[in-house]
Each structure stands twice: as C-alpha cells, then as structure tokens.
Amino acid sequence: MQFDVGNSSAKWRLLVAGEVVERGRYQADDAASRSALLDCAPAPQAIWISSVADEKSNQALAAMLRERWGIEPWFAVSEAETLGLHNSYAQPERMGVDRWLAMLGARASHAGRLCVVDAGSALTIDLVGADGVHEGGYIIPGPGLMERALLLDTDRVRFSEAADYRLQPGRSTAEAVRHGIALAQAAAVRQALEVAGEGVSLFLTGGGGSWLHEQLGGHGELVPDLVLDGLQLMAEIRAN
Ligand SMILES: Nc1ncnc2c1ncn2[C@@H]1O[C@H](COP(=O)(O)OP(=O)(O)O)[C@@H](O)[C@H]1O
Ligand SMILES: CC(C)(COP(=O)(O)O)[C@@H](O)C(=O)NCCC(=O)O
Ligand SMILES: [K+]
C-alpha cells in the first residue's frame, strides 16, 4: 500500500502483484474516507508513505495503520542521490519528498531532460538534466493559497459568486481573481519552460494537473500517479 500525503489530502493506492486494485483519498477528519481506507481488502504486505505533512499528522497516520494492520509504515525521505537522480539541495532531506519522487517517477519513463510539474496545494516545477542532476526548481502558491493571500491582505477583494479558472480577462472581482490565478499558474509553467530552453520534456501531476495540462493546450504528459510511481521505485531499491 502506498500513500501520497500532501497539504490538501492523502491519496492512497493498494497494489496486488503490481496491479492497482484499490485507491482512495483519505482525510483525517472525514470518517467515510477513513472507513474506505481501513476496510480495503486484502491486507497490505507493506506500507510506503510519501508525506509533506507535519510530524504530528505523520505519527497519527502511522499509528492508525499500525493499529489496523500491525505494519510499521516506511516514510520516504529525499536523498542526495537515488537511482542516478542527484539532489541540488545542500540539505537534501529538506526538499519535499513529493518533488523528489515525482522526478524519480518521470525519469523512469523518460531518459532526457525533464520539467516535472506537481499542481497540488503548491505548484512545484523542477528541472532535471539528462544526466540526472536536479538543476533546480520553483515553489509557487497553488490556486487556493493565491486566493487566500488576496483575501487576507486586501480590504476590497471580496466575492461570493462562483467563478471558474479561465485564462480570459475577468469582468467581476470573482472572475478577475480566479482568472488571474489561472493565468499565474499556467504562465508560471510556460515561463519555466522558456527559462529552461530547448529539449525539455514536460510531465504533469497533482490534483490540478489535468486542469493545467488543458490550459497548456495538452502540451506535456499527464501522469496522475507520478509521486506514487516514484515511491514504488524508491521502496523497491530499499527492499532489495
Ligand atoms: N477539479 C479540479 N480542477 C482543477 N484543480 C483541481 C481540481 N481538484 C483539485 N484541484 C487542485 O488540486 C489541488 C489539490 O491537489 P493535491 O495533489 O491533492 O494537493 P496536495 O498534494 O497538496 O494534497 C487543489 O489545491 C486544487 O488547486
Ligand atoms: C512545496 C510543497 C509544499 C508541495 O506540497 P503539496 O502541494 O504537494 O502539498 C512540499 O513539497 C514541501 O513541503 N516542500 C518542502 C520545501 C522544499 O521542497 O524545498
Ligand atoms: K505540489
């Protein structure tokens, strides 16, 4: 069983003989999502976790899983080097492990230079050379965080009507905010690709990955399970 615990929610999937047989989304405060997770059958052989949540939530999750199945979960940590992927951070463990695993996952399916985008609570963009060296990356507030920042520190950006995330200029406060956010998210990826230059293959993942893929005109490869795919790879080398 594998978990991708982000700042919005925890995604999980259960594999049997390499095939995904069940998957779900778990939120600690949602009883139905807890039952769905804990009632999923059959019992897992091992539990692997990618988490960017705080230590307290990680411990609570581990305790719940331990109690249910008697298995001690393994938490992946970003490393200086994994499977030829080289971290650019002086303190590798400080890089969000979801970023590290998404890069690992992408590298497994493409040998060349990569741009790996994870559209979650935050939008992360990471560049990896064909030689496996992490060239660097970007951490940008995601749509929800951008909207909250505007509401928090302005007096008149207020709205109650619904508005979609579109690239056209907005004609109300609601639209101007939502369309502005859409523009910022899509433009960030485009600009990162421009800064990176030629010969970069784009991979997209995360809850907003499909939306972003659409905004980019279908450019790049959408891989919803990129973090979990990377987790699988990292866990395999650890198990062998
Ligand atoms: N239907 C959707 N359309 C566009 N974006 C979405 C949709 N559902 C979720 N999102 C985006 O996905 C984000 C959550 O993605 P997720 O990968 O679960 O985040 P995290 O890894 O932080 O838990 C939300 O902040 C939102 O921006
Ligand atoms: C940037 C992130 C918040 C993204 O998290 P997510 O959007 O998936 O919830 C996460 O990767 C993180 O907490 N990173 C630690 C800082 C760093 O990567 O340098
Ligand atoms: K992210």
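**View 1. Asp98 and its position in helix H3.** Asp98 is located in helix H3, where helices (H or I, at least four residues) and strands (E, at least two) are DSSP runs numbered from the N terminus. In this predicted model, local features need pLDDT of at least 70, side-chain atom pairs count only at pLDDT 80 or more, and totals for chains, interfaces and linings use all residues. Residues are numbered from 1 along each chain as its sequence is written, and chains are lettered from A and ligands numbered from 1 in the order in which they are written.

**View 2. The surroundings of Asp98.** Asp98 is buried, having 28 other C-beta atoms within 10 Å; a residue is buried if 20 or more other C-beta atoms, placed from the backbone, lie within 10 Å of its own. Apart from neighbours within four places in sequence, the contacts of Asp98 are Asp4, Gly6, Ser50, Val52, Asp118 and Val227, a contact being two C-beta atoms, placed from the backbone, within 7 Å.

**View 3. The shell around ligand 2.** Ligand 2 is surrounded by 14 residues, of which the closest are Gly6, Asn7, Gly96, Gly120 and Ala122; a residue is near a molecule if its C-beta atom, placed from the backbone, lies within 6 Å of it. Helix H3 (97-109) and strand E9 (122-128) are the elements that give two or more residues to this shell. Domain 1 (2-75) and domain 2 (81-232) each supply at least three residues to the shell around ligand 2, with domain bounds that come from an automatic or database domain assignment.

Methods. A residue is buried if 20 or more other C-beta atoms lie within 10 Å of its own, exposed if 12 or fewer, and partly exposed in between; C-beta atoms are placed from the backbone.
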